[in-house]
Amino acid sequence: MSLSTLFSPIKLGDIELKHRVVMAPLTRSRSAQPGDYPHELNVEYYSQRSSAALIISEATQVSAQAKGYAFTPGIHSEQQIAGWKKITDAVHAKGSKIVLQLWHVGRISHSVIQQDGSLPVAPSAIAAEGQAFTEQGFLDFETPRALETEELASIVEQFKQGAINAKKAGFDGVEIHAANGYLLDQFLKDGTNQRDDIYGGSIENRARLSLEVTQAVAEVWGAGRVGIRISPTGTFNSMSESNPQALFNYLVEQLSPMKLAYLHVVENFAGASSEGFDFGQLRSRFAGAYMANGGYSANSAEQAIAEDNADVVSFGSPFIANPDLPERFKQDAELNELDQDTLYGGDAKGYTDYPFLMSVSS
């Protein structure tokens, strides 16, 4: 199949891309310690993958409270900003664009991760199943503390400050993480949000925090440099929603007039079933660019774009094992196999040592 559409230029809001192969956000848990800041190994990793038209950074905590996984980077200290600046400079030197994914994990944390030993926060005091990845190893998730109504302005402020810091670090824009069972997703879905204030109950109330965060971040960057990621059918991190179509149709209808750079939709993740959900309804309700994600190949991405089901496609796991993924797509070359044992934590092994096509053929 010809990949002419996949490799045609496009503009996402105010961000111009050379083609439509995007690197999805990928948590790798390799920030420098103490301080959760990017370092030279991370610079090499992102620089290697700068053939992506756009790199979306790994999820990055907007505050100390927002942290949920050991060794993940933040964007709330001067040391972290300086570390990210080295990465953005390296990516720009290779002619690519990079945006920072703004992240608050909510209940997917643990008191040993929180600076003051306090409980993680969430819309409601409902624990997730599973374990937290901490510096002390895996620990069972705790029942979180429900945020008070008056605290939610500070959550919005954390995202806004993260956006300000991302601008200092030289990014081309930001992506708001409202997917995969983290704080904003927890507010959106009724399995985790059982509040009785203006942030709970109705679809309109449950969407309120995500919309307030998006508006605040857009005030920093301009909407044309802001994207948002959602996972309507996602069940990762013990998530559930009784009426995902109605909820996410409403959310997208409210986001559309903001004229954001893109809507990033996780259509398939961790084996969750999307049966019965019509992603086309989201596509038709959003005036900007639609970025599809979830198990795409080069050919299925080309087909999705050619059939107007997406404007761009983001690739996750393939970019881990194939730093030159776009070139491999162009040449219809074999892809490197992903090493599952080196995904999280560790050193250069399984991070910056995957071979490029040139090194394979030489």
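## Helix α1

In α1, the buried residues are L41, N42, V43, Y45, Y46, S47 and Q48; buried means under 20% relative accessible area, exposed over 50%, and partly exposed in between (1.4 Å probe, protein chains only). Seven of the nine residues of this helix (residues 40-48) are buried, so α1 is largely enclosed by the rest of the structure. Helices (H or I, at least four residues) and strands (E, at least two) are DSSP runs, numbered from the N terminus.

The buried residues of α1 pack against strands β3 (21-23), β4 (54-61) and β5 (97-103), and against helices α2 (78-93) and α10 (317-321). Contact here means heavy atoms within 4.5 Å.

## Basis of the model

The model is predicted: local features need pLDDT of at least 70, side-chain atom pairs count only at pLDDT 80 or more, and totals for chains, interfaces and linings use all residues. Residues are numbered from 1 along each chain as its sequence is written, and side-chain values use heavy atoms, with hydrogens and water left out.

## Overall form

The protein has twelve helices and 14 strands. Its radius of gyration is 19 Å, close to the 21 Å that the globule rule gives for 362 residues, so the protein is as compact as a globular protein of that length. The radius is taken over C-alpha atoms, and the rule is 2.2 Å times the number of residues to the power 0.38. Along the principal axes, the C-alpha atoms fill a box of roughly 60 × 45 × 35 Å.

Of the 362 residues, 60% are buried. Among contacts between residues at least 6 apart in sequence, 73% join residues at least 24 apart. The protein carries 28 positive and 44 negative side chains, and the centres of the two sets lie 6 Å apart. Lys and Arg count as positive and Asp and Glu as negative, while His and the chain ends are not counted; each charge is placed at NZ of Lys, CZ of Arg, CG of Asp or CD of Glu.

## Helix α6

Helix α6 (residues 208-221) has 14 residues and reaches 20 Å from its first C-alpha to its last, close to the 20 Å expected at 1.5 Å a residue. That expected span is 1.5 Å times one less than the number of residues.

Ten of the 14 residues of α6 are buried, so this helix is largely enclosed by the rest of the structure. Among them are L209, L211, V213, V217 and W221. G222 follows α6 and has a positive phi, near 85°.

## Backbone in the loops

Most residues other than glycine have a negative phi, and most peptide bonds are trans. The loop between β3 and α1 holds both S29 and P34. S29 is not a glycine but has a positive phi of about 55°, and it is buried, with a relative accessible area of 3%. Q33 and P34 are joined by a cis peptide bond with omega about -10°.

K259, also not a glycine, has a positive phi of about 60°. K259 lies in the loop between α7 (244-255) and β12 (262-266) and is exposed, with a relative accessible area of 65%.

F133 is in strand β7 (residues 131-134) and counts as buried at 19% relative accessibility. Not counting residues up to four places away in sequence, F133 touches S29, G68, Y69, A70, F71, I113 and F138.

L357 is in helix α12 (residues 357-361) and counts as buried at 16% relative accessibility. Leaving aside neighbours within four places in sequence, L357 is in contact with D324, E327, R328, Q331 and A333.
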